[in-house]
Amino acid sequence: MLRSTTTWRAILLSAAVIPASALAQEAPAPASPDTANDIVVTGYARQNAQAIAAKRDNDRIGEFLASDEIGQQPDYNISDSFRRLPGVTTVFDEDEGRYVGIRGMNPNFTVGTLDGAVLATAERQNRQLNMEAIPTTAVAGLEVIKSRTPDVEGNAIGGIVNLLSRSAFDRGIRTFVGNAFIGTSDSQSVPGKGFNRPSDDGLNYRADATFATRFGADESWGLVVTGAYSRKRRDQERLNPTGYTLVNGVPVASGIISAAYPNTVDRYGGTAKLEWHPDPRVQAEVSATYFQQSDNELRHQQQLTRGTVDTARTTNGTARVNTAGGFLRFNDFPLEKPLYVAQGKVKWTGDDGHHAAVRGSWSRAMFLEASNQLQFNLPTSAANAYSQTMAGGVPIAVLDNSATFTNPANYTFASYTPYRDRSVDMVREGQFDWGYRDTAQDRGLGIGAGLKYRAATRDFDTRQAVWGPATGTTPTAATFVLPDRWSPLYTGGQSRPQPLLDFAAFQRYFTENPTRFTLNAAQTALNERRSDYIVGEKVMGSYVLLRHTGDRHSLITGIRYEDTETTIDGFRVAGNTLIPLRRGSDYESWLPSATFNYDLSDPFKLRLAYYKAIGRPSPSDLGTNETLNQTTLVLTRGNPDLRPRVAQNFDASLEYYMPGDAGLISLATFYKDIRDDIYSRAAGGTVIDGTTYQMTQPQNLAGSRVFGVEGAVVVNKLRFLPGPLADFGVSLNATYLNGKSRFPDGGSFDRLTQQPEFQGNAALFYQRDWLQARASYAHIGRQYTSISPTAPLTNRYDQPFDQLDLQTRLTFGTIQVMGEVRNATNAHRENFDGYGTRDQNFFGRQFWLGAAVKL
């Protein structure tokens, strides 16, 4: 589907550079974010004012989001909230944000922290931090750090996202804030009862609460406790062509999968923090965080598999397929994703300009999928012949006789392959920082230094049993289908009710009739260990910085040193033989940086920054087990000797702050020059047990670069408008990204993976007396999800996506009543390659009604 975005680009980009005087001519006098002349700043204006103040006061180039007085942020999901910021890209899982990329970089190069402690992440084979389970109400604010100073983590080519926990010393002596919502989705067309799902669609709900109090002598002790629970039920409907062949100019899909996913997602958890501030010089705290995401999803798939194409009858945009087959497949998709964090720190500030802080943290994350996969195959025959056309890049197959394709009795048992995929990440950190006259409040020359040690362990454990039919048995799917069927997408108007496999019925049959099934014992035994490996990573870092601060400027420069040691414990797989294997390496990184801030005048601030950063390889690039193909004599493996990607980064930003933090106009630009990108290539021969194998492994072979421009405008009140219209406010931002990937064998591509060329956000909000309302629009341009150096037509990309969200709040004393609509225009996501679509993904809208109370 093609989308026109020219108008929005013009509006957002022009808004990023409009003259400040037009918006600030009637701005109020300076005031704190909370009170000014006894006028309380609340709601959206409070969020904006606090975020603007945080941006102004931070030494680094960054973006910030803050909670309002009832703990609300722009979105309930943290990743969704991050996408509202300039230069930040959220990678979505259907209808919700999952990962965050910064300035065109893949989310693998974003470091996630909680109060500065690196968070564990157990996502499959990569370094991407999944933040779906943590609601924004659990934190006080969100930070995106785009440039780095010597005291900041070096593994930050993209940047750092930091979650700020709440403190009992933020507000009054005792506070309580609670929210409760009920909701529904309009995507409910897939039958949802089945294995481990006793019910289908129902109400969604979410609730959270925060309690903070101070106690003890002089109220020097503080306690904050937060808790949250949510349940979301919705269906997902997809069309997934598996690839294409070009026949007489017509792209003919090799397979077309119609998929229906009913899903229930439960998320729950909370935080607890105990603080002690015995005097202004000493602050100490310990905290614990636990959040869990549990998915209960069924995946029903039916594939139409292309057989023989009649080339003589394939012409004028229509393909004729004379024979075809297919399959019916079932997966349950239960996911468990717990995250644990424990942290303690002490900060001391002396009277003579010295200060020191010590911090220790532990974090553990797990990804667990224990799934059952069941498949029945439809033999390839002329009975399933069809004609295929392309409509807007979507293959439309019309069967000659759909009854044959939809009859479950025609599908015979092929395989039952239950599997478990488990990944655990554990991170332990210790950090010490010391400084002398190096804070923003000091004047003259200051110095800082610090040490940081981190030990991380990623443990991958995958297993799969392989069951097939016993000799002479041919059970069909007719015995194992649910009574309800689903109407798939894109059938060209043809009635094609899709059978849905009843796994519970199959499981009973499997248990009661063991002689009808055969276990592939050798393959099952091999699958117990062949994909298991452990990646250990130890990082010792240290830094020295110098800071010079004057009345209008600050300069922070210095160097950071990081020594990284990697160990891999896995296997060499040769046929059905597993040989334990240990590999490892280490490398050093010297990372200079310089950051300069200058107040051109009271409202104008100029920022310049240079820094060197690294991006450590993904665990799969480092540790994937060695596999020997004893027929082709090829060895494939991960490469523990990989170096990190290295980037030289240059940043500049000009910011105008309206009086009283009532608004902001900013314009920033940056350039990243990256070397040692990783590609998998042949790497010569190696001799194993007297036999020479050609080795293929990931290697540091090429580089990339990205240039960008970011603009943002925030105005809390449009005071130049008459009467009640002056209570409208706007928030606009736009980002232009120009990237280039350089390939190992020459050539290049004018994008990086996951990098849009353009993205933008616009919010119009109104706040007057008891009424608040906001309409938020988010646009992201085309993003390439995979790029091939040799076959450009197979490059895959997400089409531009636009989403509109609405919220209204009514205030009655200490209670707010809220209504929300998510994805109001019912937009869906599309993925294409050079031939046609690879994914059409529909997930519907969400509607919420709730209330919040603050005591």
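Biologist: How many aromatic pairs are there by the ring rule?
Modeller: The count comes to 37 aromatic pairs. Rings of Phe, Tyr and Trp (its six-membered ring) pair if their centres lie within 6.5 Å; planes under 30 degrees apart are stacked, over 60 edge-to-face, and the rest tilted. This is a predicted model, in which local features need pLDDT of at least 70 and side-chain atom pairs count only at pLDDT 80 or more, while totals for chains, interfaces and linings use all residues. Residues are numbered from 1 along each chain as its sequence is written, and side-chain values use heavy atoms, with hydrogens and water left out.

Biologist: What kind of pair do Phe 195 and Phe 503 form?
Modeller: The pair is edge-to-face, because the ring centres are 4.8 Å apart and the planes stand at 80°. Phe 195 is in the loop between β10 (174-185) and β11 (204-215), and Phe 503 is in helix α6 (residues 503-512), so the pair ties together parts 308 residues apart in sequence. Helices (H or I, at least four residues) and strands (E, at least two) are DSSP runs, numbered from the N terminus.

Biologist: Are those two buried or exposed?
Modeller: Both Phe 195 and Phe 503 are buried. Buried means under 20% relative accessible area, exposed over 50%, and partly exposed in between (1.4 Å probe, protein chains only).

Biologist: Changing topic, where is Glu 820?
Modeller: Glu 820 belongs to strand β44 (residues 815-822). Its relative accessibility is 15%, so Glu 820 counts as buried.

Biologist: And how much of α3 is buried?
Modeller: Eleven of its 15 residues are buried, so α3 is largely enclosed by the rest of the structure. Among them are Gly 43, Tyr 44 and Lys 55.
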